[in-house]
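Reader: I would like to go through this model by question and answer, with the cut-offs stated as the terms come up.

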Amino acid sequence: MRLATQNRLLLLGLSMGIIFLTMFNNYSSCRRRQLEYDVRVINGFTNNSSLALVVWCSSGGEEFGDMGGRALQEGDDFSWTSTTTTSGGVNVVCTVKWDLRKRKFDAFKVARDVRRCYRPRKCSWLVKEDGFYFSNDEVNWKKDFSWS
């Protein structure tokens, strides 16, 4: 009888170990899950058809590196998808130039944007004469900062 009790305890211990390892594996794969964020920089200037808004972006990771630049006319946009994991990712920095104005900004900053862009995983920037506006739905825009 004592041998049967020991066997049951051993079987119970092995079962608990397997359950624990399965749960840990599921948790780890969830932590590594990739998330995609649509990022967009839009020329929101009005009546500037003769002078384009120049946007040049790059990231510190291998995913993009130097993403190149675009000359945006009124209403045009430069967009991409940033892929990150729930435990980290790559920041994207853009330099924007219009006439004599020039400004560098974080178009996608993981620590900041995984929360504020989570639903629907969209980060949009509208660049206007008076500054840079942010939205995660392209309906409600909030001025984040000025040119200077």
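Reader: Is E138 buried, partly exposed or exposed?

Author: This is a predicted model, in which local features need pLDDT of at least 70 and side-chain atom pairs count only at pLDDT 80 or more, while totals for chains, interfaces and linings use all residues. Residues are numbered from 1 along each chain as its sequence is written, and side-chain values use heavy atoms, with hydrogens and water left out. Buried means under 20% relative accessible area, exposed over 50% and partly exposed in between (1.4 Å probe, protein chains only). The relative accessible area of E138 is 24%, so E138 is partly exposed.

Reader: Where does E138 lie?

Author: Helices (H or I, at least four residues) and strands (E, at least two) are DSSP runs, numbered from the N terminus. Phi of E138 is near 60°, a positive value in a residue other than glycine. E138 lies in the loop between β8 and β9 (142–145).

Reader: Which side chain makes a polar contact with the side chain of E138?

Author: A polar contact is a pair of N or O atoms within 3.5 Å; within protein, one must be able to donate a hydrogen and the other to accept it, and residues adjacent in sequence count only if both atoms are side-chain atoms. At 2.6 Å from the side chain of E138, the partner is the side chain of S124.

Reader: Which residues is S124 in contact with, leaving aside its neighbours within four places in sequence?

Author: Contact means heavy atoms within 4.5 Å. With those neighbours left aside, S124 is in contact with R40, Y133, F134, S135, E138 and W141.

Reader: Which backbone oxygen does the side chain of N43 reach?

Author: N43 lies in strand β1. At 2% relative accessibility, N43 counts as buried. At 2.8 Å, its side chain reaches the backbone oxygen of L72.

Reader: How many residues apart along the chain are D99 and A52?

Author: D99 lies in the loop between β5 and β6 and is partly exposed, with a relative accessible area of 43%. Its phi is near 55°, a positive value in a residue other than glycine. The C-alpha atoms of D99 and A52 are separated by 8.4 Å, and along the chain the two are apart by 47 residues.

Reader: What is the angle between the planes of Y37 and F108?

Author: Rings of Phe, Tyr and Trp (its six-membered ring) pair if their centres lie within 6.5 Å; planes under 30 degrees apart count as stacked, over 60 as edge-to-face and the rest as tilted. The whole structure holds 11 aromatic pairs. Y37 and F108 form a tilted one, at 5.2 Å centre to centre and with an angle between the planes of 40°.

Reader: How many residues apart are Y37 and F108?

Author: Both Y37 and F108 are buried. Y37 is in strand β1 (residues 34–43) and F108 in strand β6 (residues 101–108), so placed that the pair links distant parts of the chain, 71 residues apart.

Reader: Which ring does the charged end of R116 sit over?

Author: A charge sits over a ring if NZ of Lys or CZ of Arg is within 6 Å of the ring centre and within 35 degrees of the ring normal. The charged end of K128 sits over the ring of Y133, 5.2 Å from its centre. For R116 the distance to the ring centre is 3.7 Å, and the ring is that of F134.

Reader: Which residues touch the most other members of the largest nonpolar core?

Author: A nonpolar core is a set of buried Ala, Val, Leu, Ile, Met, Phe, Trp, Tyr and Cys residues joined through side-chain atoms within 4.5 Å. The largest has 28 residues, and those touching the most other members are L53, V55, W80 and F105. Strands that each supply at least two residues of this core include β2 (53–59), β3 (66–72) and β4 (77–85).

Reader: Which element has the lowest mean pLDDT?

Author: pLDDT is the predictor's confidence in each residue, from 0 to 100. The protein chain averages 82, and 72% of the residues score at least 70. Strand β8 (residues 131–135) has the highest mean, 97, and the lowest, 58, belongs to helix α1 (residues 2–31).
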